Amino acid sequence: MTENLLEVTGLEKHFPITRGIIFRRKIGAVRAVDGIDLAVQPGETLGLVGESGCGKTTTGRLVTRLIEPTAGRVVFDGRDITHVSAGRMRPMRREIQMIFQDPYSSLNPRHTVGAIVGAPFRVQNIKTPQGRKKAVQELLELVGLSPEHYNRYPHEFSGGQRQRIGIARALALRPKMVVADEPVSALDVSIQAQVVNLLDDLQKELGLTYLVIAHDLSVVRHISDRVAVMYLGKIVEVAPRDDLYSRPLHPYTLALLSAVPVPDPARRDAAQRERILLVGDVPSPIDPPSGCRFRTRCWKAQENRRWRRRHLTRSRPDTGSPATSRSPRRSAPVAARSRPGKPRRRSARRTTDRCRAARPCDPAALRRSWTLMPPVGGTGVQDRRDDRP
Amino acid sequence: MSNFLEVNDLRIHFATDDGLVKAVDGLTFGLERGHTLGIVGESGSGKSVTSLGILGLHRGGSARVRGEVWLDGEELISAPREEVRRLRGRKMAMIFQDPLAAMHPFYSVGRQIMEAYRVHHRVSKPAARRHAIDMLGRVGIPQPNRRIDDYPHQFSGGMRQRAMIAMALVNNPELLIADEPTTALDVTVQAQILDLIRNLQAEFGSAVIIITHDLGVVAELAENLLVMYGGKCVEYGSADQVFRRPEHPYTWGLLGSMPRLDRDVRERLISIKGSPPSLINLPSGCAFHPRCPYAGREGIPSLTEVPQLEGDGHLVACHLPVATRSRIFAEDVAPHL
C-alpha cells in the first residue's frame, strides 16, 4: 500500500446564510460538503460524480485550497494544507493544479495564449533553462496545439482548443496532481473524445494523478480507476471503477446508472423497464434529511415503507388506523422474508408491489439481487428472476 | 404531401458583416403524426435554426428563409405572418433548452401558461387557470394549485422544464419541437423528463422533433434519425438502421467518440480530428472532408462536388462508393463501436 497523495478526512464546508445589513446574523448554513473522506493514490484517477448541487465542485475547490474548509483535514503529499495561508500555499500550488469547466470564462480574453500559459512561471518566479517562451511553446505542443499559437488571443480558438490551453496552463509546472472540474462537459461530443484521450495520454506520459469531477457517468467510467458518488454533501459510495459500474451497492448509484440513456434503440424497451425513476428533487442542503440523506427519494426505503404499511394493515385489520404503520420496525422485515414467493417485479415503475430486501440498505441483499450492467458482450440486461429469495 | 410535416429544401441564411452564414442549406424531411424524429449534430450544425425556421421565428431581420414547410397541408414559409402566428402555439409548439431564459422572470408561471392558452382560446381567466393547473398536474408538478402562482426562479431546474413542457402542451399541439430539452438537466431528472415526453406523446398523439447532441437521448425516443453537419443532412434513416449500421463517416465518429455504459471500457475513444467548420466558409464539396479519415481514398470524385443524399429509406450523403464504405465499416469501424 503506497502513501496516499491526497487524503481528505471529515471535510466540511458550510456557507453561512446571513440576514441584516449592519448586524449580520447567521440564520443558517448551506451544508455544501458535509463530512467526506477521500484518498487518492499517486498515479490513479479518482472520479467524483453526482448531480448538480451535490457539492462536488466545492470539494474540488477545497482540496486545492481555493476556499477554506469549515472543518476536517486535507493532507496533500504528507503536508497538512487544511488551514495554511495563501502565501504558504503558493509554493504547494506547483504540485496541485486545476482544470476548469468553462473554457470561455477561465481564460483572460485580454491576454495572449503565451501570457496565459506562461503565467504559472511568472507567478512562481521559475526560471526555465531555455527561456519562458520556449517552455510555453513546448507545452502547447504537448497538448496538441501549435507553437505559432503563442501570440494569439483566446477568442481565436474553438472550445476544444481553449480547453487545451487550460490544460497546458495546469501542466506548466509539472504538478503531481491535477483536479479537473468538469473538463469536458462544455464541449461537443467529438471534441470531448479528443480531450478525454489527451488527458489519458498526459497521465501516461507525465505520471499525473487526477481527481476528475464530472456529472457524466460514462465519461467518468472511461477515465477513472476509482469512482466516488456524491449526494447532498456526502459520499454515498466509493469503489473501483468496474465494481461500481457492474455491482453498484447504493440505491442512489443504481438509480443514477439506470438513468443514463442507452444509445441503442434495440435495448430501448429493456432500458426503460429497468429504469429506476427517482421522484422529486434533491432536498435543500440547508436542511438536509436526517439519517440517510437519500432516504426521502430512496426507492428502496419507499418500497419498504409502503409494503410495511400495507402489510400491517392487512395483518391487523381491526386496528386499521394509521398508527399501525408506526409499529416496531423489526416486525416487517421478518414477515417480508417469510412471504411466499410472488411474481417478481420487472418494472421499476411498479415499485410498490413488494419488499425484497431484508433491510433497506443491506449491501449483501442488494448485491444478491441486482446486477445492472449486462455481462461483457451480453445482449441485454440480465433477467432477474433467478435470484428470488 | 402525405406526411403531416413536410420540409422541402429548407434554406436559412443569415447575412452578417463577415459574410453569408448558411446555417441550414437544403434540408428535406417528413414526419408523420405520432412519430418522433431525432435531429443530431454538433453545435453550429444548424439544428436549432431548423426548428425555429419551422415555427416561422426567423422572419424579418437578417434571415433569408427559402424552401417549403408543409404542416398538415398548409405551407408556412410563404404564408402571411398572422396565419403562422395562429398556428404557432396551437398546432405547433416548442420546448426550449433553457427554461430560465425562455420564461419571463416577472410573471408567475401560471400567468404565462394561461396567456399561452388564452391567445388561442376564448375562455375566461378562471377557466384558463383551471386548465393551467390541470396541465401542471399532468406534467408531474406536485401541488399544482399552489405552484401555479410561483415565479420561474422559485422552481428547480427539472420543475421549470416541466412547467415549460406544460406551457408547450397547453393547446394540445400536433407538432412538438423539443430543442435540447434535457441538456441542462441531471441524468435522473433527464430520465423523468424523457419519460414525460414519451407518455405525453402517447396521450396526445403528437408528432415530435427532438433536437439534441446526445445520441443516448435520441436512441431513447426517436424512431427516425437525421444527422446534420454543416447545415446539411448527411444521414437519415430509422434509429435502428443508423445505430446498427451507420453509413456516414461522421456518424461513425459520433458513435465512436461517445463512451458507453453498455460496452466494455475501451483503451481510447475514437475521436474526430479537427473541429466543426465555420458556416461562413464551409469547406468545398463535402463539408466533412477536412475531418474525414477516408477522404482522398481511391475512386472518390473530386472534392469540389457536393455529395447528394442517396439510398433507399436509409439516406446518406457521402462520396465513398457503397462497396468501399461497407468494407471500411466492417474492417475499421465496427470492431471499435
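## Helices, sheets and a chain contact in a predicted model

The axes of helix 3 of chain A and helix 5 of chain A come within 7 Å of one another and cross at roughly 30 degrees, axes being lines fitted to C-alpha atoms, for helices over the stretch in contact, with angles running from 0 to 180 degrees between N-to-C directions. That makes helix 3 of chain A roughly parallel to helix 5 of chain A, since angles under 35 degrees count as roughly parallel, over 145 as roughly antiparallel, 65 to 115 as roughly perpendicular and the rest as oblique. On the side of helix 3 of chain A the contact is made by A:Val113, A:Ile116, A:Val117, A:Ala119 and A:Pro120, and on the side of helix 5 of chain A by A:Ile165, A:Ala168 and A:Arg169; two residues are in contact if their C-beta atoms, placed from the backbone, lie within 7 Å.

This is a predicted model, in which local features need pLDDT of at least 70 and side-chain atom pairs count only at pLDDT 80 or more, while totals for chains, interfaces and linings use all residues. Residues are numbered from 1 along each chain as its sequence is written, and chains are lettered from A and ligands numbered from 1 in the order in which they are written.

Helix 3 of chain A spans residues 113-124, and its buried residues are A:Val113, A:Ile116, A:Val117, A:Gly118 and A:Pro120 (buried means 20 or more other C-beta atoms within 10 Å of the residue's own, exposed means 12 or fewer, and partly exposed lies in between, with C-beta atoms placed from the backbone). The cover over these buried residues includes helix 4 (132-142) and helix 5 (159-171) of chain A. Helices (H or I, at least four residues) and strands (E, at least two) are DSSP runs, numbered from the N terminus.

Chain A also holds an open sheet of six strands in the order 6-7-8-3-9-10, with mixed pairing, where two strands pair if DSSP finds at least two bridges between them. Its edge strands, each pairing on one side only, are strand 6 (96-99) and strand 10 (234-240) of chain A, and the twist averages 15 degrees from one strand to the next. Strand 7 (residues 177-181) and strand 8 (residues 209-214) of chain A pair in the parallel sense over five bridges, and there A:Met177 has A:Thr209 as its bridge partner in strand 8 of chain A.

In chain B, strand 3 (residues 36-40) is largely enclosed by the rest of the structure, because five of its five residues are buried. B:Thr36, B:Gly38 and B:Val40 point one way from this strand and B:Leu37 and B:Ile39 the other way. Strand 3 of chain B pairs in the parallel sense with strand 8 (residues 207-212) of chain B over five bridges, and with strand 9 (residues 224-229) of chain B over four bridges. B:Leu37 has B:Ile209 as its bridge partner in strand 8 of chain B, while B:Ile39 stands opposite B:Leu226 in strand 9 of chain B.

The two chains touch through 38 residues from chain B and 41 residues from chain A. On the side of chain B that touches chain A, helix 8 of chain B gives the largest share, six residues.
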